[in-house]
Amino acid sequence: MSRTNLDERQLQKRHKAGNQAFLLMAFLLLADMGLQNYGMKWLEYPLSNYAIFMLGVGSYLVRLIWSGAYVGPGGAQGGAKGKNVLGALLAIVVAACILIVTFVNPTAAQSAADSGANGKVILIISVTAGLVILSTVYLIRRRNNRAE
């Protein structure tokens, strides 16, 4: 087995997390459809499905990283730390720029709201979910490295 591949324990944990995340997403979508049939809307149609999808994928990624099934035994490289920090800083700068542009230009936001577009809301949810996942990954890695 190559040093970058996952071992059997990691594969089992990865498959278990994937199956449970898929079932969570399916049940949440069914519950959302049932609630909408009874007239209870928590978000508009495309945004509710997107939020449920992000919740399922986010839970899958967090569980993979938490259980140590994200990278194989030979996946940790000594020189990759600087690239990871640079990538995280770049993601934070891009997210901050998107949020600033979204809130600074109220006329574009008003015209988008008048046309019924939900692009602004979906963009903000995407950026926020990405930042939450990024910080969770950082905290979990830090906790796991401290335990060793």
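Predicted model: local features only at pLDDT ≥ 70, side-chain atom pairs only at ≥ 80, totals over all residues.
The protein chain has five helices and zero strands, where helices (H or I, at least four residues) and strands (E, at least two) are DSSP runs numbered from the N terminus, and read along the sequence the pattern is α-α-α-α-α. Residues are numbered from 1 along each chain as its sequence is written, and side-chain values use heavy atoms, with hydrogens and water left out.

Of the 148 residues of the chain, 16% count as buried, buried meaning under 20% relative accessible area, exposed over 50%, and partly exposed in between, with a 1.4 Å probe and protein chains only.

Let me turn to helix 1, residues 8-37, which supplies three residues, the largest share, of a positive surface patch. That patch is formed by R9, K13, K16 and R63, and K16 is one of the residues that lie in helix 1. For patches, we take residues with over 30% relative accessible area and no salt bridge, joining like charges within 9 Å and nonpolar side chains (Val, Leu, Ile, Met, Phe, Trp, Tyr) within 5 Å; a salt bridge here is a side-chain nitrogen of Lys or Arg within 4 Å of a carboxyl oxygen of Asp or Glu.

There is also a nonpolar surface patch of about 570 Å², made by F22, L23, F27, L30 and M33, and L30 again lies in helix 1. The area comes from the Shrake-Rupley method with a 1.4 Å probe.

As for annotation, the unreviewed UniProt entry lists residues 21-38, 50-73, 85-109 and 121-140 under "transmembrane region", with the caution that such annotations may be inferred rather than shown by experiment. Over residues 21-38 the model is 94% helix and 0% strand, and the end C-alpha atoms are 26 Å apart.

Finally, two contacts across the sequence. Y50 lies in helix 2, residues 45-67, and counts as partly exposed because its relative accessibility is 23%; its C-alpha atom is separated by 9.3 Å from that of S126, 76 residues away along the chain. R141, in helix 5, residues 119-147, is at 39% relative accessibility and therefore also counts as partly exposed. R141 and I65 are 76 residues apart in sequence, yet 8.0 Å apart in space, C-alpha to C-alpha.

Methods
Lys, Arg positive; Asp, Glu negative; His and termini not counted. Charge placed at Lys NZ, Arg CZ, Asp CG, Glu CD.
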